[in-house]
Amino acid sequence: MEALSPAPGKIFADCTLGLGGHAEAMLERIIPGGKLIGIDRDNEALDIARERLRRFGETNVLFAQGNFDDLKAIFERLNIGKADGLLLDLGVSSMQLDKAQRGFSFRYDAPLDMRMDKGAGLTAEELVNRAPEAELSRLIYEYGEERFSRRIARAIIEERKRGRIDTTAKLVDIIMRAVPYKGKHGRVHPATRTFQALRIAVNDELKALEKALDDAIGLLNPSGVICVISYHSLEDRIVKNKFKEAKSKGILDVLYKKPLTPDEGEIEDNPRSRSAKLRAARMVRE
Ligand SMILES: C[S@@+](CC[C@H](N)C(=O)[O-])C[C@H]1O[C@@H](n2cnc3c(N)ncnc32)[C@H](O)[C@@H]1O
């Protein structure tokens, strides 16, 4: 909130509405007179946020189901010119992770889905059962930064000959068998990186982020702020580079030299914040 500095009468867009926590904090500060646009790919998230934000009234909050890579069109559709603040809190929500049947978590046995928008695109099951070995290996390496990507891709192909890999538990089992001893005794569960990679691929997350950042610059008022919270280095690198590029063109001022990260107290209260990095930039006044 400090970076975004929401104030009465301002227009803000929460491009990753999720369960509406950030949106609620913004609305408390922009009313009266302000407007919040809440966007999410996930209809289930939108339903929860709608309920949570009901008390702010229908005219102050506009909801849109969609991908933030389509921000420009969403603004046009809602008749919004430019905003004073944009927030992107990337990745999946706690609800998506904790709801077993969404298939995001290796901790529960569920169908391999992983789509944030259940109405669009390939599921993780389709990807895992169709992609050639080289592609699986590349995406597990690139999007998961998994050193055993080749072994895991090989094991997936071998398993496909025996039958369809249609559940998270089957995939976890394949990964556990493919990864050597040293990969099983690290800080994180051996399936973490492969699951991250598949999720990024299924939702085409990095391309959406690049596109949204390019569009965002044209959708901010002078002195408007864009704030991005990312949860892994691939996302953070994209944000850092896009901000740097815009700064060198004299379009944005970068607000913090280093990204803000949670302190120990926050991590204790909210363990899922541990990998969060917040970067913010302000449109240069014309
Ligand atoms: C970390 S959660 C946001 C939590 C939210 N800030 C809150 O306070 O509850 C990320 C949300 O962004 C959504 N999301 C991720 N990528 C998206 C995209 N490309 N377009 C629209 N929504 C996206 C997810 O569906 C998820 O609900």
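How far from an oxygen atom of the ligand does a backbone N or O atom of Gly21 lie? The distance is 3.1 Å. Good morning. I shall begin with the ligand and then turn to a cavity and to several individual residues.

First, some remarks on the model. It is a predicted one, in which local features need pLDDT of at least 70 and side-chain atom pairs count only at pLDDT 80 or more, whereas totals for chains, interfaces and linings use all residues. Residues are numbered from 1 along each chain as its sequence is written, and side-chain values use heavy atoms, with hydrogens and water left out.

Let us return to the ligand. An N or O atom in the side chain of His22 is 2.8 Å from a nitrogen atom of the ligand, and a polar side-chain atom of Asp89 lies 2.7 Å from a nitrogen atom of the ligand. Taken alone, the ligand exposes 600 Å², of which the protein buries 93%. Such accessible areas come from the Shrake-Rupley method with a 1.4 Å probe, and for residues only the protein chains shown count as cover.

Which residues come nearest to the ligand? Of the 22 residues around the ligand, they are His22, Asp40, Asn67, Phe68 and Asp89. A residue is near a molecule or strand if one of its heavy atoms lies within 4 Å of it. By class, the shell holds eight nonpolar, 10 polar and four charged residues. Here Ala, Val, Leu, Ile, Met, Phe, Trp, Tyr, Cys and Pro count as nonpolar, Asp, Glu, Lys and Arg as charged, and the others, Gly among them, as polar.

I now turn to empty space inside the protein. Rolling a probe the size of a water molecule over the atoms shows where empty space is left. On a 1 Å grid over the protein atoms alone, a cavity is a set of points where a 1.4 Å probe fits but cannot get out, and its lining residues have an atom within 4 Å of a point. Grid points are joined across faces, edges and corners, and a volume is the space filled by probe spheres set on the points. How many cavities of 30 Å³ or more are there? The count comes to one, and the largest cavity has a volume of about 40 Å³.

Leu213, Ala216, Ile217, Leu220, Ile226, Lys242, Phe243 and Leu252 form its lining. Seven of these lining residues are nonpolar, none is polar and one is charged. At least two residues come from each of α10 (205-218), β5 (220-230) and α11 (233-248), and α10 gives the largest share, three residues. Helices (H or I, at least four residues) and strands (E, at least two) are DSSP runs, numbered from the N terminus.

Helix α10 also holds Lys207. Is Lys207 buried or exposed? Lys207 counts as exposed because its relative accessibility is 59%; buried means under 20% relative accessible area, exposed over 50%, and partly exposed in between, with a 1.4 Å probe and protein chains only. The C-alpha atoms of Lys207 and Lys184 are separated by 31 Å, although these residues are 23 apart along the chain.

Tyr231 is partly exposed, at 28% relative accessibility.

Two loop residues are buried. Arg115, between α4 (94-98) and α5 (124-130), has a relative accessibility of 15% and therefore counts as buried. Its side chain joins that of Asp113 in a polar contact of 2.8 Å. Ser273 lies in the loop between α12 (264-269) and β7 (277-283) and is buried, at 6%. The side chain of Ser273 reaches the backbone oxygen of Asn270 at 2.8 Å.

Finally, some notes on the backbone. The peptide bond from Ile31 to Pro32 is cis, with omega near 10°, and Pro32 lies in the loop between α1 (21-30) and β2 (35-40). Glu145 is not a glycine, yet has a positive phi of about 50°. Asp204, also a residue other than glycine, has a positive phi near 45°. Thank you for your attention.

Note on methods: A polar contact is a pair of N or O atoms within 3.5 Å; within protein, one must be able to donate a hydrogen and the other to accept it, and residues adjacent in sequence count only if both atoms are side-chain atoms. On a 1 Å grid over the protein atoms alone, a cavity is a set of points where a 1.4 Å probe fits but cannot get out, and a pocket is an open set with protein on both sides within 12 Å along at least five of seven lines; lining residues have an atom within 4 Å of a point.
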